[in-house]
Every structure is written in C-alpha cells, then in structure tokens.
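Subject: Structure handover

Hello,

Please find the structure below, followed by notes on what was found in it.

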Amino acid sequence: MKIAVCIKRVPDMDMRFAIAADGASLDPSGMKFDIADFDGYAVEVALQLNEKQGPGESVVISLGPDGVQETLRKALGMGADRAVQLKADVVPFDGMAIAQALAAELKDGGYDLILFGRMATDSANQSVGPMTATLLGLPCVTAVSKLEIANGAGTAERQLEGASETVTFPLPAVVTIDEGVARPRLPSLKGIMAAKKKPLEVKPAQLGAARLTVARMELPADRPPGRIVGEGPDAVPELVRLLHDEAKVL
Amino acid sequence: MANTFAFAESRGGSLRKVAFEMVAAARQAADATGGGEVHALLIGGPGVAAKAAELGQAGADVVHVVEHAGLERYNPEVFAATAAERIKAGGYRAAFFAASAEGKDLAPRVAALLGVSLASDLTGFSIDGNALTGRHPTHTGKIITTVTLTGTPAIATIRPGAVRADGAAKAGTVHAHAPALDPAAAKVQVTAVGAKGDAKLDLGDAPVIVSGGRGLREAANFTLVEELAAAFGNAAVGATRAVTDDGWRDPSTQIGQTGRIVSPELYVAVGISGAIQHIAGMRTSKVIVAINRDKDAPIFKVADYGIVGDLFEIVPKLTEAVRKARG
C-alpha cells in the first residue's frame, strides 16, 4: 500500500515553558522538539501495515521550517521510505490553512491510506485530519484505536465517550490514530544511518489564508489556594459540612 | 443583528448536557451581536423531534429537526453535510459544537465543507461583528492560548462545562428537514457498538466525578471509588493514565490531557498524586476534593479541600457521610 503519514514537530511537553517577548508565542530558548505523540503512533501503524502486507511505500510529510527535517529524518530512521517537507517559515495555528496545503500535496499522490495523529500535543486543535479528508472528498475515521486493512477496505475501532464503535470504510481513506494502536519503535542505529540516504524532498507549502490566529499566550492562572481540611477519617464530617454549606455541591 | 447556530448533540434519543450548553453559547453570541435568534440543529432517529421542546426551554428560538431511521447513531458524513447545509441556508454569524468526541469529529468537517476556519476547544469566548476571540488550553494544558477567528460563519467547539446552560425559554419552533445525504450512501458505516464502562452516566454529563489513581494499590480496590460515586447518586467514575495504562480501568475513563477533559461541579480525586497531564484534564472543575496520603502531593495545590491520610480509612467514612447527607 502507498501510505502517507502527516506528522508535526512539537516542543517536548515535559519542559517548563516561558512566554516570548511578543506575548503570543513560546520562548524557544532551550526548547527540545520531537514528533508529536499521536503522530508517532501513526508512523508505527503505517510501517506495520506495510511490513505485514508486503511491498508498499510509507511517505512521511511535515509542514514547517527546516527544523522539521530533523523530525522527518527520525521517521525515516524508524523505517519510512521517503519524506516531504512542505516548507513554510512558521506553522500556522489555523488547521484549515494547513489542511489546504496538505490536500494540495496529497491530491494526486495516489495514496491508498493517509494517516494523521489524533491531535498535535501543542496546538491541540484536532482538526487537520478531518479537514484534509473533507477537502479531498475522502472517507475519514478519527481517533482510531484499532485498525485493520484488507481487500481495499478498512475496519476501525474508535472510542467514544462511554462507548466504542466499529466502522468499515473503503480505501482510499483518511484515518487519525489514537494511542493504544501501536507503540512507536525507536529508530535503530542502522535505521538512522539508512535515513541519511533516503530521499527528503522540499517543496513550498501552498498554505490557505490563516483566519485563526494567536492573539496571546499565557501560563494558566493558579487556582485560588485550597486548604487541607484535616488528617485522617476524623476530617470527614468537616469536609462534608464544607461541601454542603460553603461549596454547595452536596 | 445576527442569528446564531447550535448543534444539539444527542445519544440514544436523549439530548446530552452539552446540547443545552451550545444553545447557551449561541445565545451569548447572538446577544453580543445585536440580539438575533438562536437556531439549534437536532439530528436523530424517529421520535427525536419530541426533544425539540427541551431545546426551546433552554433558549432556542428555532429547532431544525432531521429525523431518519438511519441516523439513530452519529454518522459523520451525513451529519456534516446536513449541518453545513443548514448553516449555509441560515446565514449565521456563528455556529457552536461541543468539544466532545462527536463534536470534535464533526466540526472540522463542517468548517472544511463551508471553507471557513475553526476555533477548537474553547473554555470561554467573546464575539463582535469582526471576530470571535476565545481561550483555548494548549500544550497539554500548560499554556492558555487566546485565539482570534475571523470570517463568517465563525465555527467553534466549546469545552463541555465551559458555558452554563441557564438561558431563558424561547419558542423552540420546529422546522423539519431531510438529511442532506442518504445515510445508506455514506462511505463510513458503523457495524458494531459496544458499551464501555458505566454507560448510564458519561463523564462529560456527570455533575460529580470520583476518580482513582495508583494510591488504590490494585484494581479490585476501585470498588471504594465506585461506592463513593454511588453514594453521590449523580457521579461517574474516572481514572488516571497510570491506572488505565496498567489495565485497572478502561482507557475510555482516563482523565487528562490525552484522555477526557472534564469540568464537573465536583471532582473527587482519590489516591491521585496530581501529575500535570492529569491536572490538565480536571483543573477547570468547579470544586476539587483530594484525598491522599502524601501532604506534599501536587494534587493538593489545585484542590479546594484536601484530607491527608489513608484513603482506605477515609473513603468508606466519606461514602457513609455522603449517603447520609443526601438522605
């Protein structure tokens, strides 16, 4: 199968963030980057499908400045066959602007399957996958926790709130991957060496107009300080009184 | 003056709490732009039209109802095509969808069909004739991003619990429509549905959530959490990622940035230390109670009320007291 995986380079979420002087972006000093969590799962899904089903091609695509090449090389190191950078000075916050660039790239690519992570861990918009699918007129299944492909059709399981559902769909299709499908492999030393020689094509991103923009970024305000009601089971009556009289939630 | 649109999410023929919240969000937007009408869209199986009156009670002037035997469950293609058609026909200033599992799947499709952008998962917003401005937690909840959305209609998903459903009743006049697409012709078809966890009360609908973490020591001890939830009578049971990763609880009950993000009236954290990723999923709860053995656990920094000590002694006492308090 010819599979495209759209991946995003995001900051390491374990770090302590600081707001940049413009008040609308993060201070990049000391920032480490990696492939977004769910996008890593999507790469793994593509690799496993092609390993299982014989000859195929896994193409990783990322939109952004040259820094994304590092992320693409990591995916190549994991085993993807080739990479495409859709070059843009900055990654817009607007999912629709990004989806338009991806749709332009994917439209005539002849892909059987186009994978995304369920959401990017930084912008958390969870919109680019289904938007791209809609622009391409392809069937789309989001937040998939189990995926099987056979005879030109897919079966996927997705978790809903308090329920799960199984869906079937024809290929070509767009699928966004939730965690739980496949733990992404680490690139082996051999993989990293091979990745250096794999093709990485750079093209200008045909971004749509950005109508969703960042006005401001802030660190979340702390909740007003709470209090320790007491220690051990003896504190229970006082807690219940507070929940009833003060918080009025009981 | 501008009319606004609310998508009224239903499940199994009943409206979800977020349906009323979206009507309230649409009312807020209509009032801010000169006081137009609120139009809700309700899609479901035969009989769902009976629920339109509840949306009128919540503040919808008009309820567009699409009933079809093939639409008892969410069908992304049909719902998206139908919502896009209605929004286009209505010429709305803004359209609101819940940032629920269904809304997050639906809203991007609708935006793409209409060729407009989408503001996601807002915890608050304001709107005027030019732009919608909203607050959106990003970077696993470590950053609050204020976004500006231009273009009409402005489409946004609103985080469950972020807007209070307390609007004045309106007419709720029903307009019936056919789906924009034959459900049988959709490419993606649901072939099986499995209930997971406590299907009676979803985490997104429950006014009270009792969650358990590693402090419970083993899966079997979650009965303590379940009994406390049962004592409240209107509570759902959640869990931390550590616990769902270990297979103690179903992954669909995980609360945190990568799981469910909830804002109940009351959140009770039992044996939860308070990892950042968990706190990102519950910090907007109205009242937080924490029970933990370690007085320095980060959960006590976000909790309104805490009890330090052995949960195995405290929780049964609390269950008993809550049961008594509720009569």
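A:Thr213 has B:Thr148, in strand 10 of chain B, as its bridge partner. The model is a predicted one. Strand 12 of chain A and strand 10 (residues 143-150) of chain B run antiparallel and are joined by six bridges.

On the contact between the chains: chain A contributes 65 residues and chain B contributes 69 residues. On the side of chain A that touches chain B, the elements giving two or more residues include helix 3 (95-106), helix 4 (128-136) and helix 6 (236-246) of chain A. Among the strands that do so are strand 7 (140-150), strand 8 (153-160), strand 12 (212-218) and strand 13 (227-231) of chain A. The largest share, eight residues, is from strand 9 of chain A. By class, this side of chain A has 35 nonpolar, 19 polar and eleven charged residues.

Within chain B, helix 3 (residues 76-90) packs against helix 4 (residues 101-114) at an angle of about 50°, and the axes are 9 Å apart. The two helices of chain B are therefore oblique to each other. Their crossing is right-handed. Helix 3 of chain B makes the contact through B:Pro76, B:Phe79, B:Ala80, B:Ala81, B:Ala83, B:Ala84, B:Ile87 and B:Lys88. From helix 4 of chain B come B:Asp105, B:Leu106, B:Arg109, B:Val110, B:Leu113 and B:Leu114. The contact of these two helices has eleven nonpolar and three charged residues, and no polar ones.

Regards

Technical notes
Residues numbered from 1 in each chain as written. Chains lettered and ligands numbered in written order. Predicted model: local features only at pLDDT ≥ 70, side-chain atom pairs only at ≥ 80, totals over all residues. Axes fitted to C-alpha atoms, helices over the stretch in contact; angles between N-to-C directions. Helix = DSSP H or I, 4+ residues; strand = E, 2+ residues; numbered from the N terminus. Parallel < 35°, antiparallel > 145°, perpendicular 65-115°, else oblique. Left-handed = near helix turned anticlockwise from the far one by under 90°. Contact = placed C-beta atoms within 7 Å. Nonpolar A, V, L, I, M, F, W, Y, C, P; charged D, E, K, R; others polar. Pairing = 2+ DSSP bridges.
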